[in-house]
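Good morning, and thank you for coming.

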Amino acid sequence: MTWRPQYHSSKYRHVFGKPASKENCYDGVPITQSVHDNHLCAVNPRFIAVITECAGGGAFLVLSINHTGKVDPHHPKVSGHRGNVLDIKWNPFNDFRIASCSEDTTVKVWDIPEHGALRKITVPWKELQGHSRRVSLIEWHPTANNIIFSAGYDYQVLVWKLDVPEQVIKNPVRCISVHSDVVLSMSFNTDGSRLATSCKDKKIRVIDPRSGVLLQESDSKTHKASKVLFLGNLHMLLSTGNSLYNHRQIALWDLKDLSQSSYSEDLDGSSGVLFPFYDPDTHMLYIAGKGDGNIRYYEISSEKPYVHYLTEYRSPVPQKGIGVMPKRGLDVCSCEIFRFYKLVTGKSLIEPVSMIVPRRSESYQEDIYPLTAANRAALTADEWISGRDKGPEMVSLRPGSELDSSAEHSHDPDCLDGPRASPDEDRSSTSHISNGELDSAPETEQEIRQLLYKQQEEIRRLKEQLLQKDTRIKQLELEIRNQRNSRDTL
């Protein structure tokens with residue numbers, strides 16, 4: 001028997017949580033009082049969206065990520081639902097598009113203007129009608145463009161294709177009917193070829209999302225799962241839930257056999273739901289409990305004992321919900337590897353909390369920022385429906401590199417094409433890498449012409465982005481000037 005030390009050596013052992021200062025929080029946000037066990041908040045590098053209280057229907061608030069400080073109580077909302085909004089998710093390939101689901105049995109997809117919601121938005125880009133009861137969960141496909149999944153209290157998971165001419169879509173691509181109760185969470189593996197769900201019947205299911213076929217189902221008597229998460233490419237699932245003695249618990253499952261968990265650990269006796277978050281780049285797992293002030297974090301390995309506890313971020317302020325910033329929105333100059341947005345209902349406050357690796361050097365830390373998933377779809381909706389699976393396109397987070405400059409997505413929601421690099425170029429200067437392999441150089445005249453068109457389109461998009469950033473700089477300068485004038489008057 002091999003002896004293993006209790007101490008686990010890790011570059012992330014000293015990661016610490018750094019809460020934002022008060023002026024960098026979002027104050028005065030009317031956070032919803034709903035008891036629904038969802039995140040209630042969605043974040044991308046441009047906007048933060050949060051479900052709010054609203055009379056006469058459901059609504060959510062969209063703020064610019066730089067709109068910190070006191071929020072205007074009359075700030076325009078996105079309010080087109082007739083019932084309470086239960087979940088919101090940003091499109092991973094378009095920072096200006098967000099989906100919402102509601103008690104009114106519909107899913108709606110909204111286009112947000114470049115400078116945010118300057119006036120009330122009531123007309124969605126698409127409306128999805130197919131559920132017979134309220135819709136509680138939505139999830140975008142991780143690699144295919146314009147594919148979204150919704151789960152409702154009718155025990156159905158519906159698959160929708162959005163790139164159709166109709167504004168109101170009534171026919172989903174697929175109806176998945178393998179659940180006997182309400183679906184509590186959904187999670188995709190890296191290439192989106194498998195969907196894991198947890199259900200109110202406390203079972204975990206692994207489903208083929210394209211065909212709707214049930215592949216595996218857990219039936220553990222010792223763990224009652226409430227949330228489930230794919231752990232990247234580790235071929236493992238993680239679930240949070242309760243033990244037989246009603247202690248909050250985390251459990252690991254081998255995808256080859258869901259009859260018994262590979263690892264389980266009791267955390268405490270509290271009653272709040274545990275939200276798991278996994279970073280496949282650092283292999284770190286974060287556990288945040290609803291109603292808790294602390295966030296535990298672990299490192300996951302593919303060998304026993306699998307889960308290595310690091311430490312926890314502690315705060316006296318409990319979170320009702322929590323949002324997470326995508327990796328491309330982090331501050332790599334300060335060695336930030338994860339960022340949470342805590343919803344604090346008692347103070348009507350959204351508090352960013354940055355997870356930071358302490359490093360003395362101010363240079364870019366390549367070892368903690370490997371290539372990460374880009375905001376560019378690897379497949380079209382039709383390609384995925386036809387049976388094709390493909391891993392995410394990858395991008396570097398190095399500041400000033402070509403990879404970083406091309407990571408900004410066009411406002412064109414259906415644009416999937418971009419500049420491609422030839423194999424003889426250095427890997428660090430390529431714009432995109434698909435499944436770890438460089439795209440081949442053009443050989444025919446037609447391919448050269450297509451590449452020229454793509455480069456011209458990229459130049460056009462970069463000019464448009466530059467114009468948007470100049471406009472944003474002017475807006476920020478105006479806001480700073482107004483704040484200074486208001487302070488002088490006081």
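A salt bridge, as I use the term today, is a side-chain nitrogen of Lys or Arg within 4 Å of a carboxyl oxygen of Asp or Glu. Please keep in mind that the model before you is predicted. By that criterion, the structure holds 27 salt bridges. The general idea is that side chains of opposite charge can pair when their charged atoms come close.

Let me begin with one pair. Lys11 and Asp367 form a salt bridge, and their closest N and O atoms are 3.8 Å apart. Where do Lys11 and Asp367 lie? Lys11 is in the segment before strand E1 (16-19), while Asp367 is in the loop between strand E31 (349-356) and strand E32 (372-373), so the pair ties together parts that are 356 residues apart in sequence. Both partners are partly exposed: Lys11 has a relative accessible area of 43%, and Asp367 has one of 37%.

Lys89 forms a salt bridge with Asp87, with the closest N and O atoms 3.4 Å apart. Lys89 also forms a salt bridge with Glu139, and here the corresponding distance is 3.1 Å. This second pair links distant parts of the chain, since Glu139 belongs to strand E12 (residues 135-140) and Lys89 to strand E8 (residues 85-90), 50 residues apart. Are these side chains buried or exposed? Asp87 is buried, at a relative accessible area of 3%, and Lys89 is buried as well, at 18%. Glu139, at 22% relative accessibility, counts as partly exposed.

Salt bridges can also join into a network here: Asp201, Lys203, Arg205 and Glu217 are linked in this way.

I turn now to the nonpolar residues. The largest nonpolar core has 33 residues, and those touching the most other members are Ile48, Phe60, Ile112 and Tyr341. Which elements give two or more residues to this core? They are strand E3 (41-43), strand E4 (47-52), strand E5 (58-64), E8 and E30. Of these, E4 gives the most, with five residues.

Tyr341 deserves a moment of your attention. Leaving aside residues up to four places away in sequence, Tyr341 touches, among others, Tyr26, Cys41, Val43, Ile48, Ile65, Ile322, Met325 and Ile350. A second, separate core of 26 residues includes Phe275, Tyr313, Cys335 and Tyr369.

Cys335 brings us to the backbone. Most residues other than glycine have a negative phi, and most peptide bonds are trans. Cys335 has a positive phi, near 60°. Cys335 sits in the loop between strand E29 (321-324) and strand E30 (336-344). With a relative accessible area of 3%, Cys335 is buried.

Finally, please look at the loop between strand E27 (295-300) and strand E28 (307-313), where Pro305 is found. What kind of peptide bond joins Lys304 and Pro305? The bond is cis, with omega at about 5°. Tyr306 is also in the loop between E27 and E28. Although Tyr306 is not a glycine, its phi is positive, at about 70°. Tyr306 counts as buried, because its relative accessibility is 14% and buried means under 20%.

To close, I would ask you to remember the 27 salt bridges, the largest nonpolar core of 33 residues, and the cis bond between Lys304 and Pro305. Thank you.

How values were computed:
Residues numbered from 1 in each chain as written. Predicted model: local features only at pLDDT ≥ 70, side-chain atom pairs only at ≥ 80, totals over all residues. Heavy atoms only, no water. Helix = DSSP H or I, 4+ residues; strand = E, 2+ residues; numbered from the N terminus. Buried < 20%, exposed > 50% of the residue type's maximum accessible area, 1.4 Å probe, protein only. Core = buried A, V, L, I, M, F, W, Y, C linked by side-chain atoms within 4.5 Å. Contact = heavy atoms within 4.5 Å.
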